[in-house]
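Subject: Structure handover and findings

Hello,

Here is the structure for your files. Please load it before reading on.

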Amino acid sequence: AVYALLQEELCKLQTVHANVHALCVKAGITCGAMSESDRLSWTSKNIDAADSQVLAQIIAVGALPNLIGLSLHDTRIGDVGMRSLSEAFSMGGLAQLLSLELACNEIGDAGMSALFDAISTGALARLEQLGLTDTQISDECLKSLAEAISTGTLAQLKYLALASAVLFGDAGLSALANAFAKGALPSLKTLWIVNGISHNALELGQLKAISQARGILLLRRIDDWH
């Protein structure tokens with residue numbers, strides 16, 4: 001019985017090892033180099049939900065102690081992958097992270113809600129940059145973000161980029177403006193909001209006024225970024 005149990009555990013470890021090795025091959029990095037890296041930029045590496053679950057396991061056990069920058073720009077993590085990563089964040093696996101880039105991913109309400117839940121716990125308290133452009137940010141997503149930052153988390157955040165394929169409207173914009181008015185994100189220097197719809201002048205004016213009063217640079221067009 002003991003031998004059978006050990007064999008089972010060994011098989012599990014072998015599976016984990018194989019999955020981690022496969023992830024490193026796809027990302028173009030050795031396992032040793034990954035564990036020592038302070039930044040991982042996996043832009044357009046075709047990282048999918050299954051790969052994200054493997055990465056989440058690595059994060060959860062604290063195997064990336066030096067990592068301060070993680071970019072999963074233009075990958076395929078989706079809601080499932082985002083939930084897995086968010087659970088790992090909530091466990092404190094990347095408490096030292098300063099920059100998180102998730103642009104150009106089909107992450108919807110379910111994935112974003114999981115991320116914002118992790119943020120609200122203070123698990124990413126040292127974050128200075130958060131990139132969420134070209135994700136599926138809806139009004140509900142933006143409201144969830146507003147609730148998360150209203151708890152006082154992300155006090156060190158200096159840069160926040162938002163844009164949407166499923167466009168957010170005035171309700172989300174109003175929630176964000178109200179959070180700012182109450183002092184959320186006290187260190188924020190740049191807010192980049194780009195989408196393809198015109199907001200109510202009152203809502204946009206409120207955000208502009210609050211941003212100006214707090215010295216936040218508000219970028220509203222793609223051209224502003226260049």
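Below are the findings, from the whole chain down to single residues.

This is a predicted model: local features need pLDDT of at least 70, side-chain atom pairs count only at pLDDT 80 or more, and totals for chains, interfaces and linings use all residues. Residues are numbered from 1 along each chain as its sequence is written, and side-chain values use heavy atoms, with hydrogens and water left out.

**Overall**

The protein chain has 9 helices and 7 strands. Helices (H or I, at least four residues) and strands (E, at least two) are DSSP runs, numbered from the N terminus. Of the 226 residues in the protein chain, 46% are buried. Buried means under 20% relative accessible area, exposed means over 50%, and partly exposed is in between (1.4 Å probe, protein chains only).

The accessible surface of the protein chain is about 10,600 Å². Carbon and sulfur atoms account for 54% of that surface. Areas come from the Shrake-Rupley method with a 1.4 Å probe; for residues, only the protein chains shown count as cover.

Take the contacts in the protein chain between residues at least 6 apart in sequence: 86% of them join residues at least 24 apart. Contact means heavy atoms within 4.5 Å.

**Cores**

A nonpolar core is a set of buried Ala, Val, Leu, Ile, Met, Phe, Trp, Tyr and Cys residues joined through side-chain atoms within 4.5 Å. The largest one holds 64 residues. Within this core, W42, F89, L100, L115, L162 and L191 touch the most other members. Helix α6 (residues 139-149) gives the largest share of this core, 6 residues. A second, separate core has 6 residues, including A161, W192, V194 and L219. In soluble globular proteins, nonpolar side chains tend to be buried together.

Beyond its neighbours within four places in sequence, W42 contacts L23, A27, I29, M34, I47, L55, S71, L72, H73 and T75.

**Helix pairs**

The axes of α3 (residues 49-60) and α4 come within 8 Å and cross at roughly 5°. Axes are lines fitted to C-alpha atoms, for helices over the stretch in contact, and angles run from 0 to 180 degrees between N-to-C directions. α3 and α4 are therefore roughly parallel to each other (an angle under 35 degrees). On the α3 side, the contact uses A49, S52, Q53, L55, A56, I59 and A60. On the α4 side, V80, G81, S84, L85, A88 and F89 take part.

The axes of α5 (residues 109-120) and α6 come within 9 Å, also crossing at roughly 5°. So α5 and α6 are roughly parallel to each other too. D109, M112, S113, F116, I119 and S120 of α5 meet E140, C141, S144, L145 and A148 of α6.

**Single residues**

D51 lies in helix α3. D51 is buried, at 11% relative accessible area. Outside four places in sequence, D51 contacts L23, K26 and N46.

Q96 sits in the loop between α4 (78-90) and β3 (99-101). Q96 is buried, at 16%. The side chain of Q96 reaches the backbone oxygen of P65 at 3.4 Å. Not counting residues up to four places away, Q96 touches L64, P65, N66, L67, I68 and R126.

T133 is in strand β4 (residues 129-135). T133 is buried, at 11%. T133 and L102 are 31 residues apart in sequence, yet their C-alpha atoms are 7.5 Å apart. Setting aside residues up to four places away, T133 touches A103, C104, A161, L162, A163 and W192.

K189 is in the loop between α7 (170-181) and β6 (190-194). K189 counts as exposed, at 52%. Leaving aside neighbours within four places, K189 contacts K158, G215, I216 and L217.

**Backbone check**

Most residues other than glycine have a negative phi, and most peptide bonds are trans. D134, in strand β4, has a positive phi near 55°. D134 is partly exposed, at 46%. L154 has a positive phi near 60°. L154 is in the loop between α6 and β5 (159-164), and is buried at 2%.

Best regards

Notes:
A polar contact is a pair of N or O atoms within 3.5 Å; within protein, one must be able to donate a hydrogen and the other to accept it, and residues adjacent in sequence count only if both atoms are side-chain atoms. Angles under 35 degrees count as roughly parallel, over 145 as roughly antiparallel, 65 to 115 as roughly perpendicular and the rest as oblique.
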